[in-house]
Amino acid sequence: MDSVVYQHGFSIGLTGQYAGKKEQKYFINNHLTFTVKFHKDEQTDAARIVGFEVKPFSVRHEYEGKWDDKTRLTTCDPHAKRTVTSSDSPQEVEDKKEIIFTYDVEFKESEIKWASRWDTYLYMADDQIHWFSIVNSLMIVLFLSGMVAMIMLRTLYRDISKYNQLETQEEAQEETGWKLVHGDVFRPPANSDLLCVYVGNGVQFFGMIVVTMIFASLGFLSPSNRGGLMTAMLLLWVFMGLFAGYASACLYKMFKGTEWKKITLKTAFMFPGIIFAIFFVLNGLIWGEKSSGAVPFGTMFALVFLWFCISVPLVFVGSYVAFKKPAIEDPVKTNKIPRQIPEQAWYMNPIFSILIGGILPFGAVFIELFFILTSIWLQQFYYIFGFLSIVFIILIVTCAEISIVLCYFQLCSEDYLWWWRSYLTAGSSALYLFLYTAFYFFTKLNITKPVSGILYFGYMLIASYAFFVVTGTIGFLACFWFTRLIYSSVKID
């Protein structure tokens with residue numbers, strides 16, 4: 001069935017040339033034809049408006065005599081039922097020349113039911129691009145899954161069998177690889193408090209996204225309820241503070257931390273504080289421009305109330321529950337003296353491997369990212385949450401697998417400082433996301449005002465920072481599971 005794709009809004013004019021002339025002229029759309037569609041309910045015999053269309057025309061209106069209240073146009077006359085159907089004689093914009101603006105309205109019965117009135121706006125004409133994006137991302141996932149399967153089934157199985165068959169201490173000392181660092185691999189990292197905070201905030205954000213996706217995919221967050229999506233995300237983020245406190249406290253206790261109130265306060269205030277500070281500055285700029293798009297003071301107060309009075313207490317509850325439980329036991333004992341890390345190959349340089357690790361997760365989502373940016377900044381509707389959910393699952397798998405692969409290579413090089421690197425490997429995809437938003441700004445948007453540019457980059461910085469926290473947490477938790485799995489499978493004397 002053929003579907004009509006609507007443009008959101010209409011152009012106020014156009015440029016062109018008269019036949020046989022090269023000079024560029026400007027024409028204004030001074031006539032609008034409104035078509036109001038209504039649907040009749042057979043049971044109640046009542047009718048409700050289910051949509052409307054606007055067609056702009058450029059028409060040089062003509063009339064006889066001088067203009068007054070009783071003047072009738074010869075080009076558009078309701079009494080003679082003469083309507084405008086084309087722009088054969090367009091209205092040129094000329095200095096100190098009059099322009100007459102007109103419109104006509106037509107009511108037309110429609111088969112569209114009241115419940116389906118939004119389907120017009122949600123129709124996606126280019127869904128093939130989304131499928132191409134998903135197939136492209138799945139190829140990346142299959143490639144990474146093959147590498148992980150090879151590591152897990154072949155290399156690790158062979159290594160574990162060989163390590164477990166060693167009989168003498170001399171034979172064990174001759175071995176190289178990931179087993180040699182078993183006494184240091186679970187040593188708490190530098191700035192372990194900060195890592196705990198970031199993992200807690202990542203769990204909070206991840207939970208918010210997953211629940212939002214489920215509700216949106218089931219159709220609970222309809223576009224007819226304006227702002228419903230953002231309200232749902234904010235409320236979910238507030239209530240997910242429980243899991244943020246629990247995750248950060250569990251990790252902190254595993255690192256032998258004792259000041260649980262300190263880590264809880266950092267989890268409750270650091271990440272939201274940074275986001276709120278950037279948002280407050282951007283909102284101040286909008287206030288300065290006297291724009292109606294500024295968030296009112298009452299709404300700002302409500303956000304702070306939700307943060308301080310609901311989210312913060314829930315973070316404390318989560319932390320308290322986690323600290324009451326026994327700490328996570330390491331599969332192997334940690335040596336008292338740190339092992340010296342041998343000189344690494346150039347490709348195992350932390351910065352290089354971290355930057356390489358972020359390319360594939362970004363590659364899995366960048367096509368969908370284009371549509372999201374278009375919906376935010378070019379007033380398009382984006383409600384294809386089915387596609388978005390598939391892409392998000394692919395992102396999770398890609399972040400987990402690339403982090404595991406690079407973590408394994410790192411441990412094989414006898415470098416046991418994997419904690420922060422596992423977080424930053426997947427999290428570095430946020431850097432590519434921010435660079436892509438900058439590319440989008442200069443190639444797709446025609447923003448000239450400095451304040452508008454600052455707003456764009458400010459909001460994209462917030463989005464990239466949130467993306468960093470989510471992807472970094474996914475990569476870290478995947479490596480945390482992987483290292484515990486492999487080191488619990490070998491016999492350590």
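These notebook entries record what I looked up in a predicted model, starting with one loop serine and ending with a loop phenylalanine.

**Entry on S110.** I went to S110 and found that its place is in the loop between β5, which spans 102-109, and α1, which spans 119-122.

**Entry on aromatic pairs.** I then turned to the rings, where the count comes to 41 aromatic pairs. I looked at the pair of F269 and W307, which is tilted, with 5.8 Å centre to centre and 50 degrees between the planes. This pair links distant parts of the chain, since F269 belongs to helix α7 (residues 260-288) and W307 to helix α8 (residues 297-324), 38 residues apart. I noted that F269 counts as partly exposed at 28% relative accessibility, whereas W307 is buried with a relative accessible area of 9%. I also recorded a cluster in which ring pairs link Y198, F205, F271, W420, Y423, Y465 and F468.

**Entry on F255.** I placed F255 in the loop between α6 (241-254) and α7, and I noted F255 as buried, with a relative accessible area of 9%. Which residues does F255 touch, not counting residues up to four places away in sequence? I found P188, P189, S192, L195, C196 and W419. I also checked F255 against F186, and these two are 69 residues apart in sequence and 8.9 Å apart in space, C-alpha to C-alpha.

Conventions: Residues are numbered from 1 along each chain as its sequence is written. This is a predicted model: local features need pLDDT of at least 70, side-chain atom pairs count only at pLDDT 80 or more; totals for chains, interfaces and linings use all residues. Side-chain values use heavy atoms; hydrogens and water are left out. Helices (H or I, at least four residues) and strands (E, at least two) are DSSP runs, numbered from the N terminus. Rings of Phe, Tyr and Trp (its six-membered ring) pair if their centres lie within 6.5 Å; planes under 30 degrees apart count as stacked, over 60 as edge-to-face and the rest as tilted. Buried means under 20% relative accessible area, exposed over 50%, partly exposed in between (1.4 Å probe, protein chains only). Contact means heavy atoms within 4.5 Å.
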